[in-house]
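I opened this notebook to keep track of what I looked up in the structure, entry by entry. The entries follow below the display.

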Number of protein chains: 2
Amino acid sequence: MRIGELARRVGVSTRALRYYEQRGLIRSRRSANGYREYDESDVRIVTEIRELMSVGFTLEDARPFVDCLRSGHPSGGSCPESVAVYRRKLAEIDREIRDLLARRAEVAAQFADACPGCLSRA
Amino acid sequence: MRIGELARRVGVSTRALRYYEQRGLIRSRRSANGYREYDESDVRIVTEIRELMSVGFTLEDARPFVDCLRSGHPSGGSCPESVAVYRRKLAEIDREIRDLLARRAEVAAQFADACPGCLSRA
DNA sequence: CTAAAGCTTGACGCCGGTGACAAGGTCAAG
DNA sequence: CTTGACCTTGTCACCGGCGTCAAGCTTTAG
C-alpha cells in the first residue's frame, strides 16, 4: 500500500509517516514511480509507535520497540531494550509526579502567603 | 542601576532581563548614552517573576503579578487577577498530576501485557 | 483531454526561555 | 592611547513532532 492508505489505516498524517522514516523508525520500499510502498508489518510498527506515543513516549523511546518487532518478536515490548525503556519511563513518570506534587505544595504555600484566606475559599 | 547590576542582584542573565522587557514585563528608563536604568522597584518585580517561574509559572502567568506590584500593592499575589492565576495554575497542576497517574497506569498495563512477570521483578 | 487526487522533496513555522554570537558604542583605569 | 568591562540591537540555535506551503511529478476518473 502507499503512504496515504497507511496513514488512513493507522490514523496518522502522511507528514508524520515521512517524519518517522526520516528519523529511521520506519522504512519504505519504492515503486517504479518513486512512491513509497508499505505492507502489513509497517502497519504493525506504526501502530506500536502510536500506542507508545499515546502514553507519552517519544519517538526515540519507541525505537527499541520497533527494532524488537523487526527482529521477529510478536510483541515490541518483550526485548530487553524495550523492557529497559519501560522501566525508565515508569521511573521518569514517578519523578514527574513527585515534582508536580512538590510544586503544587509550593504554589499553594505562595498563594496562602500572598493572599491569606483565599485558598480556603477556593 | 544598570542591567548588569540588576542581573547580579536577582541572579538572572542580562539576556533574560532584556527578554522580559521585550515581553513587556519590565520597563526601563534610558540614560543619556542609551543604557537601561533600573531602581529598587524593578528588583522587586524581577524577584517576583523569578519566584513564580521557579514553581513553574510562565512569563505570561507572571504578568498580572507584575501589574499588581506596579499598581502599588505590597504583594504581587493579592490582586484578583493574580488570585485567578493561582487558582488556574493549581487546577492545571492537579490535572497534570491526574494525567500522569493515568499514564503511569497505562504504561504499567502495557508493560505487564508485553512482558508478563517483568513488572513484579522490577 | 482535463481536472482532481495523490505522490515527491525541501523548507519555514511553532512554542518558551534563554544561550551564544556579531558588530558596534561607552566609559573608567592605567 | 589603549585595554577591558560594560552596554546596545539583532540574529541564529535549541527541543519535538509535526502542520503547512511550494513546485512539480503520476495516476485515475470522467
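**Entry 1: the cysteine pairs**

I began with C68(B), which is buried at a relative accessible area of 1%; buried means under 20% relative accessible area, exposed over 50%, and partly exposed in between, with a 1.4 Å probe and protein chains only. I note that this is a predicted model, in which local features need pLDDT of at least 70 and side-chain atom pairs count only at pLDDT 80 or more, while totals for chains, interfaces and linings use all residues. Residues are numbered from 1 along each chain as its sequence is written, chains are lettered from A and ligands numbered from 1 in the order in which they are written, and side-chain values use heavy atoms, with hydrogens and water left out.

I then looked for the partner of C68(B) and found that a disulfide (a pair of cysteine sulfur atoms within 2.5 Å) joins C68(B) to C79(B), with 2.1 Å from S to S. C68(B) lies in helix α4 (residues 59-70) of chain B and C79(B) in the loop between α4 and α5 (80-114), so the pair ties together parts 11 residues apart in sequence. Helices here are DSSP runs (H or I, at least four residues), as strands are (E, at least two), numbered from the N terminus. The torsion about the S-S bond of C68(B) and C79(B) is about 85 degrees, so I recorded this disulfide as right-handed. C79(B) counts as buried at 6% relative accessibility.

How many disulfides does the structure hold over all chains? I found two. In chain A, C68(A) and C79(A) form a disulfide with their sulfur atoms 2.1 Å apart, and the torsion about that S-S bond is about 85 degrees, so the disulfide is right-handed. C68(A) counts as buried at 1% relative accessibility, and C79(A) counts as buried at 8%.

**Entry 2: DNA strand C**

Next I asked which residues come nearest to DNA strand C. Helix α2(B) gives the most to the surface, with four residues.

Of the atoms of DNA strand C within 4 Å of the protein, 67% belong to sugar or phosphate and the rest to bases. A phosphate oxygen of DNA strand C is 2.7 Å from an N or O atom in the side chain of R18(A), and for the side chain of Y20(B) I also noted 2.7 Å from such an atom to a phosphate oxygen.

I turned to I49(B), which touches Y20(B), L25(B), I26(B), L59(B), A62(B) and V66(B), not counting residues up to four places away in sequence; touching means heavy atoms within 4.5 Å.

Last, I looked up P80(A), which lies in helix α5 of chain A. Is P80(A) buried or exposed? With a relative accessible area of 62%, P80(A) is exposed. P80(A) and F65(A) are 15 residues apart in sequence and 9.8 Å apart in space, C-alpha to C-alpha.

Note on methods:
A residue is near a molecule or strand if one of its heavy atoms lies within 4 Å of it. A polar contact is a pair of N or O atoms within 3.5 Å; within protein, one must be able to donate a hydrogen and the other to accept it, and residues adjacent in sequence count only if both atoms are side-chain atoms.
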